[in-house]
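Work through the exercises below with the model open. Try each task before reading its solution.

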Amino acid sequence: MSDEIKHECGIALLRLRKPLQYYIDKYGTPLYAVNKMALLMNKQANRGQDGAGIANIKLNVAPGYRFISRYRSVEAKPIEDIFEKINKKYRKAEKEDSKKYLNAEWLQENYGFTGEVWMGHLRYGTHGKNEIENCHPFLRQNNWRSRNLVVAGNFNMTNVDELFDKLVSLGQHPKDKVDTVTVMEKIGHFLDEEVQRQFDHFKPLFPEDNQQLTSLIEENIDVARMLQRSCRDFDGGYTMCGMLGSGAAFVARDPAGIRPAYYYADDEVIVVASEKPAIKMSFNCDYDEIAEIGPGNALIIDTNGEYREEQFRDPLEKKSCSFERIYFSRASDPDIYRERKNLGKLVLPQILKEIDNDLANTVFSYIPNTAETAFFGLVEGLDEHLVKERKKHIREGVLFEEDLDRLLSFRPRTEKIISKDVKLRTFITNDTHRDEMVSNVYETTFEVIKKKEDTIVLIDDSIVRGTTLERSILRMLDRLEPKKIVIVSSAPQIRYPDCYGIDMSKMKDFVAFRAVLKLLEEENREELLEETLARCKDALENGYATQENYVKALYEPFTDEQISKKIAEIVTPKNCQAEVSIIYQTVDDLHKACPNHTGDWYFTGNYPTPGGNKVVNRAFVNYMIGKGNERAYGAF
């Protein structure tokens with residue numbers, strides 16, 4: 001993606017289903033779980049480079065010994081930093097006593113991160129400072145083992161204010177008004193109530209045996225009931241991992257299935273991750289053995305290692321994030337790979353129309369590195385198109401041998417015109433220095449374009465702000481002196497903010513929104529802005545802003561083609577000699593390419609939860625009253 005954006009985080013959960021000694025004996029090392037967690041997290045490093053965290057719980061440890069361990073890091077290489085610290089513990093243990101090093105009981109009594117239940121998190125901070133306190137997992141401690149709670153997640157809530165007020169009404173005094181705190185404390189409150197419920201039930205049966213009572217409470221905690229009560233007010237996209245001090249664990253997914261969650265289980269492990277390739281590569285299982293946690297469902301793992309999937313909220317229509325398929329998730333997932341190829345193939349008819357079918361004088365390329373798969377699909381579509389054209393010409397007339405040779409030997413011209421320096425990460429800089437960085441991220445290949453004759457067709461995953469096109473890519477391409485430059489987005493126009501985990505929350509950042517503002521100005525229809533502002537304000541002030549996305553009205557007067565044409569004008573640099581046009585994927589073709597992942601609110605404004613409507617209405621008001629840099633929903 002030319003416009004780098006931060007996005008949803010990654011999770012990893014691993015439960016060993018047998019005692020630690022089993023893995024030491026079978027694999028010859030106590031590091032089995034450590035190594036698997038390191039793989040799971042490294043294979044999802046694309047999901048978070050701002051920070052990482054890991055937590056571990058030991059089962060059946062006697063009182064007086066620590067049973068929860070946690071490390072978090074915001075170092076430049078946080079995953080590497082965390083696992084170096086963990087491995088340092090193991091090296092120390094082996095140095096202390098190489099024989100006892102292979103004794104699970106001794107290890108667990110003397111060293112941390114030797115437990116059977118593991119949770120990992122990778123963080124992309126959509127907002128806020130990149131500080132250790134913002135890193136998951138979060139820990140809620142208690143002297144009752146069953147009341148300890150560790151939580152990490154890939155989530156954003158749209159209704160943090162309401163959730164905060166709920167906590168206050170319960171008698172709590174939250175330390176901060178952010179969704180991580182409110183989620184943690186809400187689940188923690190109902191965990192406490194569930195523990196108390198079990199205590200009240202079993203206490204009369206064992207009035208003098210508190211040890212037996214404690215075991216019974218831990219074995220009978222109804223995790224699904226706890227989630228039903230704590231999550232019923234949540235509005236947002238989420239996959240939340242939790243571990244109880246007793247060793248029970250859960251992974252809960254939002255009712256619309258916005259955020260992803262997959263799991264695999266065998267006799268030795270239960271594992272959950274945000275992406276299937278991480279599980280596949282870490283455990284060498286088949287893809288058809290990896291299941292998806294259903295919307296509104298939670299994978300619940302009991303203290304004894306048994307697991308089940310239970311519904312804790314009524315599911316909504318599934319609207320899993322299509323940006324996962326377009327850009328965020330690894331393309332090594334076979335389904336995502338096919339979908340991205342289809343995205344490239346389906347946009348071909350628009351391209352052929354734009355270049356007037358002049359393939360002989362057109363060079364096709366892509367924005368590295370994530371648009372590469374869509375580019376392969378585009379080239380595959382070109383090949384299929386040419387096969388049809390050859391058949392048509394052969395059927396329609398008699399061809400001389402020279403014409404036939406030219407027809408059969410013609411191949412689309414494809415080149416790697418742009419290269420990207422992956423060491424330069426523009427998205428970690430602040431806005432002030434972004435312009436300087438983007439101009440140096442890309443470099444171009446010379447002497448492959450026929451000057452003043454060729455058209456360059458360059459495919460990208462999506463176009464969010466358009467700043468990289470304007471300030472870097474189009475300037476470089478124009479130096480090659482093509483007749484025309486066609487930028488193709490394999491995603492539709494991004495028109496509305498995301499509030500479920502992607503860093504796209506400000507209306508002013510969207511080049512499509514800027515294009516509509518220009519069109520309204522040029523057609524003297526700016527009163528529509530004031531009318532929409534009045535509707536949004538009234539809805540927010542009178543409590544019905546969740547019912548409708550009023551910002552849609554701004555786009556209704558214009559066709560997709562009109563907006564795309566205006567975007568091309570906006571991003572074309574001054575003094576650019578080549579003609580520039582922009583082509584976007586259609587929403588219909590997006591759904592054809594990704595039929596099982598129809599979350600498209602950033603393109604259509606059709607939010608999967610009521611809170612999304614409130615967020616977009618608030619974001620527009622913020623823009624209109626000069627607060628466009630403010631986030632339209634609770635802080636992260």
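**Ground rules.** This is a predicted model: local features need pLDDT of at least 70, side-chain atom pairs count only at pLDDT 80 or more, and totals for chains, interfaces and linings use all residues. Residues are numbered from 1 along each chain as its sequence is written, and side-chain values use heavy atoms, with hydrogens and water left out.

**Exercise 1.** Classify both partners of the Glu84 and Arg91 salt bridge by accessibility.

Solution. 
- Step 1: the N to O distance for Glu84 and Arg91 is 2.6 Å.
- Step 2: set the classes. Buried means under 20% relative accessible area, exposed over 50%, and partly exposed in between (1.4 Å probe, protein chains only).
- Step 3: Glu84 has 42%, so it is partly exposed. Arg91 has 43%, so it is partly exposed.

**Exercise 2.** Locate the two ends of the Glu185 and Arg140 salt bridge, then classify them.

Solution. 
- Step 1: the closest N and O atoms of Glu185 and Arg140 are 3.1 Å apart.
- Step 2: Glu185 sits in helix α6 (residues 179–202) and Arg140 in strand β5 (residues 138–140); the pair links distant parts of the chain, 45 residues apart. Helices (H or I, at least four residues) and strands (E, at least two) are DSSP runs, numbered from the N terminus.
- Step 3: Glu185 is partly exposed at 21%. Arg140 is buried at 17%.

**Exercise 3.** Give the strand order of the five-stranded open sheet and identify its edges.

Solution. 
- Step 1: strands pair if DSSP finds at least two bridges between them.
- Step 2: the order is β15-β14-β18-β19-β20, with parallel pairing.
- Step 3: β15 (413–414) and β20 (579–584) are the edges. Each has a single partner strand, so one side of each lacks a neighbour in the sheet.
- Step 4: inside the order, five bridges join β14 (residues 362–366) to β18 (residues 455–460). Phe364 has Val457 in β18 as its bridge partner.

Definitions and conventions:
Salt bridge = Lys/Arg side-chain N within 4 Å of Asp/Glu carboxyl O.
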